[in-house]
Amino acid sequence: MPLFARLPLCLSAMLSGLVLTWAAAVTPAHAQTIDTPAAHAFLLDTQTDTTLFAKDPDEPFPPASMSKMMTVYLLFEQIEAGTIALDDTARVSTDAWKRWAGSEASLMFLREGEEVNFDNLIHGIIVSSGNDACTVAAEAVAGSEDLFAQWMNEKAAELGMTNTRFQNASGWPAEDQYTTARDLATLARATIEDFPELYRFYGETEFTYGKDFRTGEPITQYNRNPLLFRMSDSADGLKTGHTDAAGYGLTASAKRDDRRLILVVSGLESQSQRARESRRLMEYGFRNFQTYTLFEAGETVEDATVWLGQSPKVPLVVEQDITLTLSRKQRNDMTVTLAYDGPVPAPIEPGQPLATLTVTTSDREPLTVPVVAGEAVAPISGFGKVKAALEYIVFGASTQE
């Protein structure tokens, strides 16, 4: 479907210069009309890699339990590689038990010496936010939590988390441990895209494991991610975090139709504020922005005039989908320009670069996409060349029909 069939456009063609321009109505994706009490925030549309909202997204802060996303990422990686299986077990060492016994930290309530499988450990890390589960998993996979933290930092660098450093598997406060909202969004996106089958763990709302030593009743804990309950139709992960230094934070994701948004907030004052703000920002992203497909891969943008070819025209096509996430409120700030030198001389090969399509808005770098020949055009020869040359001299342009 051509562009003008999708968006309300004012079409004008400067044929003498062989430049075709559409003036479309859309809003800069970065135009922020809201604010947040969160100290740091980052809202990303993953379909088009568009930032919908940002507040100090690259300023470091303590990651708190959002560090656990990297612990889980490494566990998922080991499972995918076949190094461990969900039903494999890990033993709770004396050191791991002593580190967390009696602690006020979030726990899975593992007991010294018990064997626990990785399925339960992952549930305990994600749903219960168990610091003890993180230590046990790290020791089982890497031999020690210190070595596991090195793996975490290596993976962070590999994923492009340029402003992150981990000191332990749980996010427990430690010197020189930090991350950013943008880096956590990078980690969340990698988790979702790299482990589509295992990502389901992040959508679990409750987990029962062990027994209360006082009552003998099973211990059921509920996922602290408020969006799993407040946006149950679309939210499917990821992880909360809280320390006195970091405040209340959340890395979350939600999907509606083909759109997936990832939100990171940190530095909020309470659980209730975290719940309100995360939902408000997520709904803002879904309601105020929409993804538009300007051209689909293989679609003809324009037919260019051919010089001395057996066909008078050649279709100019894009080789990839061209999509943008744009505000629904303002639709008057985008231009899409197709530029090429013409007429295009034959011979022409399919896929031959012939033009440039440029998408421009007021607040972002222009998007430039190559446009290529959609089919081959062979040259004419002999008397045809002479005839065409004479016609050009007389009429100023080719009269091929």
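**Close-up 1. The hairpin of β13 and β14 in the predicted model.** L308 adopts a positive phi near 60° in this hairpin, where 5 residues lie between the strands. Strand β13 covers residues 300–307, and strand β14 covers residues 313–318. The two strands run antiparallel and are joined by 5 bridges. Within this pairing, E302 has L316 in β14 as its bridge partner.

**Close-up 2. Pairing of β14 with strand β19.** Strand β19 spans residues 367–373 and pairs with β14 in the antiparallel sense, over 3 bridges. V317 stands opposite V372 of β19.

**Close-up 3. Burial of strand β14.** Of the 6 residues in β14, 5 are buried, so the strand is largely enclosed by the rest of the structure. Buried here means under 20% relative accessible area.

**Close-up 4. Crossing of helices α4 and α5.** Helix α4 is formed by residues 131–142 and helix α5 by residues 145–159. Their axes come within 8 Å and cross at roughly 85°. Angles of 65 to 115 degrees count as roughly perpendicular, and α4 and α5 are therefore roughly perpendicular to each other.

**Close-up 5. Residues in the contact of α4 with α5.** On the α4 side, T135, A138, E139, V141 and A142 take part. They meet E145, L147, F148 and W151 of α5. By class, the residues of this contact comprise 6 nonpolar, 1 polar and 2 charged.

Technical notes: Residues are numbered from 1 along each chain as its sequence is written. This is a predicted model: local features need pLDDT of at least 70, side-chain atom pairs count only at pLDDT 80 or more; totals for chains, interfaces and linings use all residues. Side-chain values use heavy atoms; hydrogens and water are left out. Axes are lines fitted to C-alpha atoms, for helices over the stretch in contact, and angles run from 0 to 180 degrees between N-to-C directions. Helices (H or I, at least four residues) and strands (E, at least two) are DSSP runs, numbered from the N terminus. Angles under 35 degrees count as roughly parallel, over 145 as roughly antiparallel, 65 to 115 as roughly perpendicular and the rest as oblique. Contact means heavy atoms within 4.5 Å. Ala, Val, Leu, Ile, Met, Phe, Trp, Tyr, Cys and Pro count as nonpolar, Asp, Glu, Lys and Arg as charged, and the others, Gly among them, as polar. Buried means under 20% relative accessible area, exposed over 50%, partly exposed in between (1.4 Å probe, protein chains only). Two strands pair if DSSP finds at least two bridges between them.
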